[in-house]
Amino acid sequence: MIVKLRYAAIAIALALLATLPMWVGNSYYINIASQFLLFAVFALALNVLVGYAGLVSLGHAGLFAVAGYSGALLLQAGFDHLAAIAAAIVITLVASAVFAALALRSTGIGFLMITLALGQIVWGVAYRWASLTNGDNGVNVSTRPAPFGLSLASAPSFYFATLIVFLLAIASMAVFVRSPFGASLRGTRDQARRMNALGYNVWLIRFLAIVFSGFWTGVAGLLFIYYNQFISPQISALTSSAEVLLMVISGGTATLFGPVAGAAIVVIMKNVVSAYIERWNLVLGVIFVVIISFMPEGLVPGTVRLLRWAWGRLQAKPSAAGERPSERPSERPSEERVP
């Protein structure tokens, strides 16, 4: 029953996403939906490391910014969209490989601190190298691409393009997780020494996982510059890395839909609830505390656990009601013999 509910929920969610511009109508909320999808891709990319590799990164906003700045600067230099996107992805992959080579010198807190330092280096370059990045003034992106002749200038068209990329990210993550490589990555998370003893190259497996995560982080960064048509050093700051990490943890690590749920919470709070509640940061913090307190495994796994518990209780009640307690011999009425 739980499996059927899961597939039904996925089908309903896909139907709602596919028809969202039709029943929303307001361009502002369509743009918020696009923002949710691109940050969901970013959170899914980070989840590869946090959930499946057991490596917590606080520098992924640096890779996000590398892709965004690369694409924006190449477009500003006169390259067309296809060339700028391809070059930005290659640059992000190279940056991911450098990040991996440096950060994998340690694990645990050491890995966390190295990624934090690398992210801050990217922020420092974006902020201080004003002759290249224009400093606080940022870089503008004047146009959006037109794949197959279809303009992405309007909010609905850009939303559908972002939705396609999001679905491709979900599909690739599902294949990745169920592949032998995904199983070996989870093995390095749970029993790294045993995997080494069995002949697996733990360092190489983690390295490739970081590069794969960097690829989708770069895709999300390109979606971000086309969404905002602007990028500044703020996007590479520590708060951005912490924010996407909270998306992953609150939604549920090592799940496909947990980071998506976490991205929805953060984006809705920042862009919708903040218009009605001045101290929305406080409300967001309370939501995270409640989730971690009552669903330490995350929102999505915790909801599944509660549904299974509720379904088990519902199944137990009819069976208990159908059973009649057997009458004990002492409680049976004694038959009076007729003399």
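Val177 lies in helix α8, which spans residues 155-178. The description that follows refers to a predicted model. Val177 has a relative accessible area of 14%; because buried residues are those under 20%, Val177 is classed as buried.

When neighbours within four places in sequence are set aside, the contacts of Val177 are Tyr52, Gly182, Ala183 and Arg186. Val202 stands 25 residues from Val177 in sequence, and their C-alpha atoms are 17 Å apart in space.

## Packing of α5 against α11

Helix α5 (residues 81-103) packs with helix α11 (residues 202-228) at an angle of about 145°. The axes of α5 and α11 are 8 Å apart, and the crossing of α5 past α11 is right-handed.

On the α5 side, the residues that meet α11 are His81, Ile85, Ala88, Ile89, Thr92, Leu93, Ser96, Ala97, Ala100 and Ala101. Their counterparts in α11 are Trp203, Phe207, Ile210, Val211, Gly214, Phe215, Gly218, Val219, Leu222 and Tyr226.

## A nonpolar surface patch

A nonpolar patch on the surface is formed by Ile12, Leu16, Met22 and Trp23, which together have about 480 Å² of accessible area. Helices α1 (2-18) and α2 (20-24) are the elements that give two or more residues to the nonpolar patch.

Met22 belongs to helix α2. Its relative accessible area is 68%; because the exposed class begins over 50%, Met22 counts as exposed. Val177, by contrast, is buried.

Key: Residues numbered from 1 in each chain as written. Predicted model: local features only at pLDDT ≥ 70, side-chain atom pairs only at ≥ 80, totals over all residues. Heavy atoms only, no water. Patch = residues over 30% accessible without salt bridge, like charges linked within 9 Å, V, L, I, M, F, W, Y side chains within 5 Å. Areas by Shrake-Rupley, 256 points an atom, 1.4 Å probe, with all protein chains shown as cover. Salt bridge = Lys/Arg side-chain N within 4 Å of Asp/Glu carboxyl O. Helix = DSSP H or I, 4+ residues; strand = E, 2+ residues; numbered from the N terminus. Buried < 20%, exposed > 50% of the residue type's maximum accessible area, 1.4 Å probe, protein only. Axes fitted to C-alpha atoms, helices over the stretch in contact; angles between N-to-C directions. Left-handed = near helix turned anticlockwise from the far one by under 90°. Contact = heavy atoms within 4.5 Å.
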